[in-house]
Amino acid sequence: MRHNDISNTLSTAPDSFAPMHRRKPSGDVDPRPWCQGFYAAMRLKLSAWAPLLDASNVNRGLLLPILLHCRDDQGRPLLGPPRSGRETKNFLRNAHADIPAAVEALRQYWMPIRYARAR
């Protein structure tokens with residue numbers, strides 16, 4: 001049901017889509033559980049996501065706002081360790097704000113492929 005709700009929102013009012021993120025004790029947004037859940041769903045059929053995981057694909061950046069919050073099976077940052085410094089810390093603190101636009105862009109990326117398969 002939740003998937004259908006999200007799909008309907010993205011189809012009819014994409015600007016109103018907002019992932020449900022938890023809050024840290026400090027009050028800051030914690031996008032990690034949502035992003036990790038998105039990645040877990042990707043892993044169910046990772047081969048289908050291969051084009052967007054290919055470093056040479058210009059569309060690879062669509063996943064960046066999501067995957068930068070994910071960890072691998074050993075608990076390491078999925079995209080490698082972040083650079084140290086205040087600028088990186090500030091970027092990571094606010095990167096969750098790009099997730100709604102990334103989800104809509106991913107939907108637009110996959111739409112022609114999904115419709116081509118359905119025919």
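# Questions about a predicted chain

From the N terminus on, the elements of the protein chain run α-β-β-α-α-α-α-α. This is a predicted model, in which local features need pLDDT of at least 70 and side-chain atom pairs count only at pLDDT 80 or more, while totals for chains, interfaces and linings use all residues. Residues are numbered from 1 along each chain as its sequence is written, and side-chain values use heavy atoms, with hydrogens and water left out.

Me: How many helices and strands does the protein chain have?
Reply: Helices (H or I, at least four residues) and strands (E, at least two) are DSSP runs, numbered from the N terminus. On that basis, the protein chain has six helices and two strands.

Me: What radius of gyration does the protein chain have?
Reply: The radius of gyration is taken over C-alpha atoms, and the globule rule is 2.2 Å times the number of residues to the power 0.38. The C-alpha atoms fill a box of roughly 50 × 30 × 25 Å along the principal axes. For 119 residues, a compact globule would be near 14 Å, and this agrees with the protein chain's 15 Å.

Me: What percentage of the residues of the protein chain count as buried?
Reply: Buried means under 20% relative accessible area, exposed over 50%, and partly exposed in between (1.4 Å probe, protein chains only). Among the residues that qualify as buried is Ala95, at 3%. Of the 119 residues, the buried share is 27%.

Me: Which residues of H2 are buried?
Reply: Helix H2 covers residues 32–43, and its 12 residues reach 16 Å from first C-alpha to last, close to the 16 Å expected at 1.5 Å a residue; the expected span is 1.5 Å times one less than the number of residues. Seen down the axis of H2, its buried residues fall within an arc of 95°, so they line one face of the helix. That arc is taken from the directions from the helix axis to the C-beta atoms. The buried residues are Cys35, Phe38, Tyr39 and Met42.

Me: How many disulfides does the structure hold?
Reply: A disulfide is a pair of cysteine sulfur atoms within 2.5 Å. The sulfur of Cys35 has its closest cysteine sulfur in Cys70, 5.4 Å away, which is too far for a bond. Cys35 is buried at 0% relative accessible area, and Cys70 is buried at 2%. The number of disulfides is zero.

Me: How many salt bridges does the structure hold?
Reply: Side chains of opposite charge can pair when their charged atoms come close. A salt bridge here is a side-chain nitrogen of Lys or Arg within 4 Å of a carboxyl oxygen of Asp or Glu. One of them joins Asp72 and Arg76, with the closest N and O atoms 3.0 Å apart. The count for the structure is five.

Me: Asp28 forms a salt bridge with which residue?
Reply: The closest N and O atoms of this pair are 3.9 Å apart. Asp28 lies in the loop between strand S1 (22–23) and strand S2 (29–30) and its partner in helix H5 (residues 86–94), so the pair ties together parts that are 65 residues apart in sequence.

Me: Is Asp30 buried or exposed?
Reply: The side chain of Asp30 meets that of Arg32 in a salt bridge of 2.8 Å, N to O. Arg32 counts as partly exposed, at 42% relative accessibility. Asp30 has a relative accessible area of 10%, so Asp30 is buried.

Me: Which residues does Ala95 touch, not counting residues up to four places away in sequence?
Reply: Ala95 lies in the loop between H5 and helix H6 (99–118). Contact means heavy atoms within 4.5 Å. With residues up to four places away in sequence left out, Ala95 touches Pro65, Leu68 and His69.

Me: Leaving aside its neighbours within four places in sequence, which residues is Pro82 in contact with?
Reply: Pro82 sits in the loop between helix H4 (64–67) and H5. Neighbours within four places aside, the contacts of Pro82 are Pro77, Thr88 and Leu92.
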